Every structure is written in structure tokens, then in C-alpha cells.
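Hi,

Here is the structure I promised to pass on.

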Amino acid sequence: MLRTRSIALATAAAAVASIVLMPSTAQAAGSVHLYKIYYDSPGTDRGANSSLNAEWVQVRNTTGAAVNLRGWTLRDAAGHVYTFGAYTLAKGATVTVRTGKGTNTSTNRYWGRTWYVWNNDKDAATLKRANGTVADTCSYNSTAYDYKLC
């Protein structure tokens, strides 16, 4: 009887350990998250559209499925908000949100602003789902680089 209980306990312990060590569904499935912020475009900040578009944020989809980003928002600490319109981010894909004006494509979206969003010294980006919940945040506090990997 004692031997049967010991075997049963050992089996139960092994089962619990395997469940605890398994990745969660979210980890296994990936995420839609901020990937990179290029916050200090080259040259002098004079507001030229080419300079504005050299400032950008990349959003990456590491899930196993395409994700509809309609209504998702990207914002900085000062409250500048970009809202995704009709757009689906393919599985494994990255989209670049550029500050200036341009024609939207599957890999580039344009905020349409006439001045810079991302501060050259420090800022914080927040990606929110259409329902308002935070998908990801990324902040930087450095003038040593022009970009931040999130």
C-alpha cells in the first residue's frame, strides 16, 4: 500500500512539473508588440517630410496568424496618437509607422504629421489594442543612439 502511494505521488509530482514548465498559450502563440523606435532622424530637425519619415516605430507580429489592427493605437508620452485604419498585419510580419506623409503600403503606414513625434532624448511608446488594453510599451532615455530596440 505504501509503495502504491509513493508511486502515485511521484506520478502526480511529475505531471505538475510538466504543466508548470510548459509555455503558456500566449508565449507559444507569440504577440503583436513594439519592435524598434528610430527616434532621431538623420540631420537637422527642420520638419522636411523626408526627415519626418526617417523617424518611425516598427510593430511586429510574432503570432501564428494575421492580426487585424483596425482601431489599434500607437502613442507617445505627450499624447500624440496614431490610429490604425483598415489594416491586417500578416503573421511573422513587421509594419513601420512613419511620422510624416506618404502612401500606405503593407509594410509602411504614414501618420501624416507635419512635425516630429518622438523626442530625441527620451520618450515612451505605447501600443494599445482596439479595446483599449495595452499590448506593449517601450521607453528610452538616451542620446547615445538614434534608435531603441524594444
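Predicted model: local features only at pLDDT ≥ 70, side-chain atom pairs only at ≥ 80, totals over all residues.

**The five-stranded sheet**

Let's start with the open sheet built from 5 strands, which come in the order E8-E7-E2-E1-E11 with mixed pairing. At its edges sit strand E8 (108–110) and E11, each of which pairs on one side only. From one strand to the next, the twist averages 25°. Within this sheet, strand E1 (residues 32–38) pairs with strand E2 (residues 56–61) over 6 bridges, in the antiparallel sense. As a reminder, strands of a sheet pair through backbone hydrogen bonds, either parallel or antiparallel.

**The four-stranded sheet**

There is also an open sheet of 4 strands, in the order E5-E4-E9-E10, and here the pairing is antiparallel. Strand E5 (81–83) and strand E10 (134–141) are the edge strands, each pairing on one side only. Direction ignored, neighbouring strands of this sheet are turned by 10° against each other on average.

- Towards E10, strand E9 runs antiparallel and is joined by 7 bridges. Ala125 has Cys138 as its bridge partner in E10, and Leu127 stands opposite Asp136.
- Towards strand E4 (residues 73–75), E9 pairs in the antiparallel sense over 3 bridges. Here Thr73 stands opposite Lys128 of E9.

E9 and E10 also make a hairpin, with 5 residues between them. Look for Gly132 in the turn, which has a positive phi of about 95°.

**Aromatic rings**

The structure holds 9 aromatic pairs. Take Tyr39 and Tyr140: their ring centres are 3.9 Å apart and their planes are at 10°, so this pair is stacked. Tyr39 lies in the loop between E1 and helix H3 (49–52), while Tyr140 is in strand E10, so the pair ties together parts that are 101 residues apart in sequence. Are these two tyrosines buried or exposed? Tyr39 has 1% relative accessibility and counts as buried. Tyr140, at 6% relative accessibility, counts as buried too.

Trp115 and Tyr116 show another geometry. Their ring centres lie 5.0 Å apart with the planes at 80°, so the pair is edge-to-face. Trp115 counts as partly exposed because its relative accessibility is 45%, whereas Tyr116 counts as buried at 10%. The cut-off behind that call is that buried means under 20% relative accessible area.

There is a ring cluster as well: Tyr82, Phe84, Tyr87, Trp111 and Trp118 are linked through ring pairs.

**A nonpolar patch on the surface**

Last item. Which residues form a nonpolar patch on the surface? They are Tyr145, Tyr147 and Leu149, which together have about 330 Å² of accessible area. With a relative accessible area of 48%, Leu149 is partly exposed.

Cheers

Technical notes: Residues numbered from 1 in each chain as written. Heavy atoms only, no water. Patch = residues over 30% accessible without salt bridge, like charges linked within 9 Å, V, L, I, M, F, W, Y side chains within 5 Å. Areas by Shrake-Rupley, 256 points an atom, 1.4 Å probe, with all protein chains shown as cover. Salt bridge = Lys/Arg side-chain N within 4 Å of Asp/Glu carboxyl O. Buried < 20%, exposed > 50% of the residue type's maximum accessible area, 1.4 Å probe, protein only. Pairing = 2+ DSSP bridges. Helix = DSSP H or I, 4+ residues; strand = E, 2+ residues; numbered from the N terminus. Axes fitted to C-alpha atoms, helices over the stretch in contact; angles between N-to-C directions. Phe/Tyr/Trp six-rings, centres within 6.5 Å; stacked < 30°, edge-to-face > 60°.
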